[in-house]
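Hi everyone, thanks for coming.

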Amino acid sequence: MTSVNRKTEIISAAIEVFAEIGYFRATTAQVAERAKISQPYIFKFFASKEALLQAALEASWERIINSFHLVVESASKEQLETELIKAYEKILASHQNEILLQMQSQTIQEPSIRDVMREGFREVRQIVLTAFREAGIASPEERTLIFLARGMLCNISAALDMPELMEV
C-alpha cells in the first residue's frame, strides 16, 4: 500500500478514535490498533499526537470546504442557501465523527489546534459570505451568521441525538 494511502488510513482511524473516546483520553496505540499498524509507524507520518489531530482536523475542514465550493459553483442563486444546508447535513450524516472531533477541538487550547480551527471557520465563513453577497441575498453578513449558527445547532443536535432541536 502506498504511503499516501497509509497516511489517509491513519488519519481516518484517528478521527474515529478521537471522536469516540476524546482526544485527551485516546492514545496513538489505540489509533494504531484501529488502523491495523504498529504504533511506531504512526510517527513515520506524524511527529506527535497533536500533529495527527491537526491533520485530522484539516481533513475534516477540507471536506466541508470542498463541498461548499461545489455547491457555490452549481447552485442557483435562489437555491444557494438550501443547497449549502443540504450539503452540510449530508456531511454530518456521513462523517459525523469528523464533526464531533471539530466540536471537541473547539475547546483545545493548543495554539496549533486553535489555528486549524480558526482557519477552518474563517474559510467556511468567507465562502458562504462571498456566495451570499454574489447571489444578492439581503443582509449577507447576518444571513451568514445565521447559517453558521444553524450549522452549530445541527452539530449539537447530532451530538446529543436530539433531532427536535432542528424542528422548524
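Let's start with Arg118 and Asp115, which both sit in helix α7, three residues apart, or about one turn of the helix. Keep in mind that we're looking at a predicted model. So what do these two do? Arg118 forms a salt bridge with Asp115, and the closest N and O atoms are 3.4 Å apart. The general idea is that side chains of opposite charge can pair when their charged atoms come close.

Elsewhere, salt bridges that share partners tie Glu16, Glu20 and Arg34 into one network.

How many salt bridges are there? The count comes to nine. Let me show you two others with that three-residue spacing.

One is in helix α1, residues 3–21, where Arg6 and Glu9 are three residues apart, so about one helical turn separates them. Their side chains meet in a salt bridge at 3.0 Å, N to O. Glu9 is partly exposed, with a relative accessible area of 30%, while Arg6 is among the buried residues of α1.

The other is in helix α5, residues 80–94. Lys86 and Glu83 are three residues apart there, which again means about one helical turn between them. They form a salt bridge at 3.6 Å, N to O. Lys86 is at 45% relative accessibility, so partly exposed, and Glu83 is partly exposed as well, at 28%.

While we're on α5, take a look at Glu81, which is found in that helix. It's a charged residue, yet at 18% relative accessibility Glu81 counts as buried, because the cut-off is under 20%. What does Glu81 touch? Leaving out residues up to four places away in sequence, it touches Phe132, Arg143 and Phe147.

Which helices do the buried residues of α1 pack against? They pack against α2 (28–35), α3 (39–45), α4 and α6 (96–105).

Last stop: a pair of helices. Two packed helices are described by the angle between their axes and the distance between the axes. For α4, residues 49–74, and α7, residues 111–134, the axes come within 9 Å and cross at roughly 5 degrees. That makes α4 roughly parallel to α7, because angles under 35 degrees count that way. On the α4 side, the contact includes Leu53, Leu57, Trp61, Ile64 and Phe68. On the α7 side, it includes Ile113, Val116, Phe121, Val124 and Ile127. By class, the contact between α4 and α7 has 15 nonpolar, four polar and three charged residues.

That's my tour, so over to you for questions.

Definitions and conventions. Residues are numbered from 1 along each chain as its sequence is written. This is a predicted model: local features need pLDDT of at least 70, side-chain atom pairs count only at pLDDT 80 or more; totals for chains, interfaces and linings use all residues. Side-chain values use heavy atoms; hydrogens and water are left out. Axes are lines fitted to C-alpha atoms, for helices over the stretch in contact, and angles run from 0 to 180 degrees between N-to-C directions. Helices (H or I, at least four residues) and strands (E, at least two) are DSSP runs, numbered from the N terminus. Angles under 35 degrees count as roughly parallel, over 145 as roughly antiparallel, 65 to 115 as roughly perpendicular and the rest as oblique. Contact means heavy atoms within 4.5 Å. A salt bridge is a side-chain nitrogen of Lys or Arg within 4 Å of a carboxyl oxygen of Asp or Glu. Buried means under 20% relative accessible area, exposed over 50%, partly exposed in between (1.4 Å probe, protein chains only).
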